[in-house]
Amino acid sequence: MAYFAVAARFLLLAAVGITGNPSTADAASASPVSGWRSDLDWAALTSKLSSSASLIDTSYQNVIDECGPEFSEPSPTNHALIDQPSGMCLPHKYLGWEMSWPRPSENGHLNQTFAQALTDIYVNPSDLDSFMMDPTNPSLNLPSKVLFPSVASDVVAAVNFAKKHGLEISVKNSGHSYQGASSKKNTLLLNMNRYTHYAPTGITDCDASILGTTVAEDLSTQPCLLSLAKNKSSLIRVGGGENFDKVYRAVIAANEEEGYKYHVVGGAAGTWGGLGKVASEVQPEADSSVVQLEMVLPNGVHVKFGPTEWEDASAEGFIVPRTKVVSGVCRSNPDEHDEGKWIWGRCPEDFDIDFNDLYFAVRGGGGGTWGVVTSVFLQLHDYIPFNPYLFKVGAEECSAIAPQFAEFKAKYISAPSLLNVTKEHSLACGSPDDLAFLICIGEEDVMQAWARFLDLNNSTDLAKVACLLKLAQENNEGVMESPKGWAELIMLLNTNDRFPGKVPDAPTPSPIGNLLAYVLVPQSWLDESEENIKTVLEHATNTPYYAFGGAAASGSDQANSLSQAHRNAAFMASFNDDNDYFWGNLFPQMFDVSDKTKFPPVFGSNHAGPFTSGPLKEDWTKPCPPEWTFEERREKCISFQEAIYGTERLARLEAIKKVVDPQFIFNCGNCIGNNLPEASKSQDQDDEPSPSELEPLAANPSGEPSGASSMSSFAAVTSAIALRVKQRRKAVSTLAAVWTYAYESSGSVRARATPRRLLL
């Protein structure tokens, strides 16, 4: 509701002439030299753009007019936000301010405290509403110029323009970045949503007869040769602006036409960026699905690259070939808009970027910082039957045994031997961070194991066995068809009919996303004792996120920047309500902290929020104190980046960043290099070792530190925050609520109401 007050105040300010840029509607027809950086020759940029590209001025008024109303909708959806004319909307309201915190600050909140941020957001959100009413708030973090590229040449033109004039570029698809990487003030935003869509016609079935041939010089045969080397035969090309909704629907359409032969590894929501997430964010199921990348780099060169030499690594336990050499080609006619006339060939002699390093960095090193991904070839897998399960947590007879189901799920997925479940059956299943779900692909024995678990716990009541329901037609005859996959399932269960036929989003638009991060709980630590599972369930703030293990560990080509902690995790879990206990007790048990010069990777990147940090640099057993200012936290605590990648891997990524983007044109919040001092960013490259000269990274899982800090006066605040967090989590479990409500109200699941055995 505050948005209407914001609108009224902004219109008043506009009337007296103190707003700034014109509205999107005006800007679309006005000369692009108006507004932000009107001193630059924007006409020179527009003259190079394709006829379907557009460059517009934007302002906070766009956020009020286009984005604000959606947050007041009874059934808000990011599908409505993504297609707004200005391209400015974000899935969480607070993302439009630095650090997702609307309190005014002239220096990016450096002189303000983490405690104040949490108090504002969780205890006194009305204060933030008043801050959001001010369009001159210095914490606003929205770009003032947006380019909608249509073809790669538009991106090339934009990057070269930015490079010439010393501008920064931000990149956005749907804006699904909890850390706020896709929005930044004083940047030229490239909104990729209108970029060429390849997925609808992008599936390729590879011809096995090419096996044994050499990779074509233009890399045209590279995707299929690598795919066949992995014993896979199909690929899909995805454009830089296509989200998972478009990818999933393309695969569904092909499956319906050809008889369900394809499976694609993807995200849990339709509005997540289809290739941005897979190619650039830290997801264990994703990096080895990338077969070839096409990008516009910070130097303005349009390239495509991928592995051209590989070798079998099965003797070492890997299920995909080890990448030995990555090769790339450059486009020699970058101004050509027609893709059919693109010419790929050897890169210029002054092209000094190592494609091996670039391939390593882009796959796992975060999005928005290495350049602009314009398309990617993703691996498709053979279709395997889909078996989703629902625990009826809303039913009275079931709610009492919800803790038992949480324990069952943890053991089935992470300690199957305790239930006499085979590892193969266990690896078929996974779950999002919601108690109600258990999703399996392939052969499993969930119902038998559930009955056995209850029996072991002296509970043979058939009503309790029935609390776990397989969502299949045989259990809902005449009501719902058996879903063929995750996307089909959530489409069937979608109750929001505003965008029929689209894969729904989760989470839906809300004021805030994740503010902190989830811990990558090592499988090896869980294997040490059954009590460790119980410890996690007792102390974790959330239901664990089970999307790890299995081929996440064995599916690596050993040429990517995904941390080994990510690969060897059993699941992710949040310990934010018990930070002292985690750092002081669990951390040194879970991770190897023997070398105090090498902080290990601890957190998962793809769910990490803007306030994420590690413990004290001088004492890893103590959390970063919330009473400190962010400037103090930056100086004395392990950084966001180091807590995710670990000291060694971060050093290599930062070295690559300085080579790939020496001007830091792509400098998104909490991205690689974003926290480096200015002197370090501009340091002469000759003074530093090259990325390839850095110490090789260990191929084993890492371990970690501990912590305990005093928060005396802060206790009341954290208590209130814990309550609000739990209330919010309960409120946003929309899919579980839909399933449970539908079942309880009708006796079945109404039609309108990623396992870890990843096939890499």
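In which loop is Gly267 found? In this predicted model, where local features need pLDDT of at least 70, side-chain atom pairs count only at pLDDT 80 or more, and totals for chains, interfaces and linings use all residues, Gly267 is found in the loop between strand E7 (262–264) and helix H11 (274–280). Residues are numbered from 1 along each chain as its sequence is written, and side-chain values use heavy atoms, with hydrogens and water left out. Helices (H or I, at least four residues) and strands (E, at least two) are DSSP runs, numbered from the N terminus.

Gly267 counts as buried because its relative accessibility is 4%; the term buried means under 20% relative accessible area, exposed means over 50%, and partly exposed is in between, with a 1.4 Å probe and protein chains only. When residues up to four places away in sequence are not counted, Gly267 touches Phe244, Tyr248, Trp272 and Trp486, where contact means heavy atoms within 4.5 Å.

Leaving aside neighbours within four places in sequence, Ile665 is in contact with Ala162, Lys163, Leu167, Glu168, Ile169 and Pro298. Thr621, by comparison, is placed in the loop between helix H23 (579–590) and helix H24, and it counts as partly exposed because its relative accessibility is 31%. Thr621 and Phe587 are 34 residues apart in sequence, with their C-alpha atoms 7.9 Å apart in space.

Helix H6 (residues 114–123) packs with helix H7 (residues 125–132) at an angle of about 95°, their axes being 5 Å apart; axes are lines fitted to C-alpha atoms, for helices over the stretch in contact, and angles run from 0 to 180 degrees between N-to-C directions. H6 is therefore roughly perpendicular to H7, since angles of 65 to 115 degrees count as roughly perpendicular, those under 35 as roughly parallel, those over 145 as roughly antiparallel and the rest as oblique. In this contact, Asp120, Ile121, Tyr122 and Val123 in H6 meet Pro125, Asp127, Leu128 and Phe131 in H7. The residues of the contact divide into six nonpolar, no polar and two charged, where Ala, Val, Leu, Ile, Met, Phe, Trp, Tyr, Cys and Pro count as nonpolar, Asp, Glu, Lys and Arg as charged, and the others, Gly among them, as polar. H6 is mostly covered, with eight of its ten residues buried, and the buried residues include Phe114, Leu118 and Tyr122.

The loop between helix H5 (78–82) and H6 holds Glu98, which counts as buried because its relative accessibility is 16%. Apart from residues up to four places away in sequence, Glu98 touches Ser105, Gly108, His109, Pro138, Ser139, Asn141 and Lys185. Ser100 is also found in the loop between H5 and H6, and it is buried because its relative accessible area is 7%.

Most residues other than glycine have a negative phi, and most peptide bonds are trans. Ser100, which is not a glycine, has a positive phi of about 55°, and Asn670, in the loop between H26 and H27, has a positive phi near 65°. A cis peptide bond, with omega of about 0°, joins Ala506 and Pro507, and Pro507 has its place in the loop between helix H18 (486–493) and strand E17 (519–522).

Asn670 also belongs to the residues that lie nearest the centre of the second largest pocket, together with Met99, Gly108, Arg634 and Asn674. A pocket is an open set of points on a 1 Å grid over the protein atoms alone, where a 1.4 Å probe fits, with protein on both sides within 12 Å along at least five of seven lines, and lining residues have an atom within 4 Å of a point. The second largest pocket is lined by 40 residues, which divide into twelve nonpolar, 19 polar and nine charged. The largest share of this lining, three residues, comes from H24.
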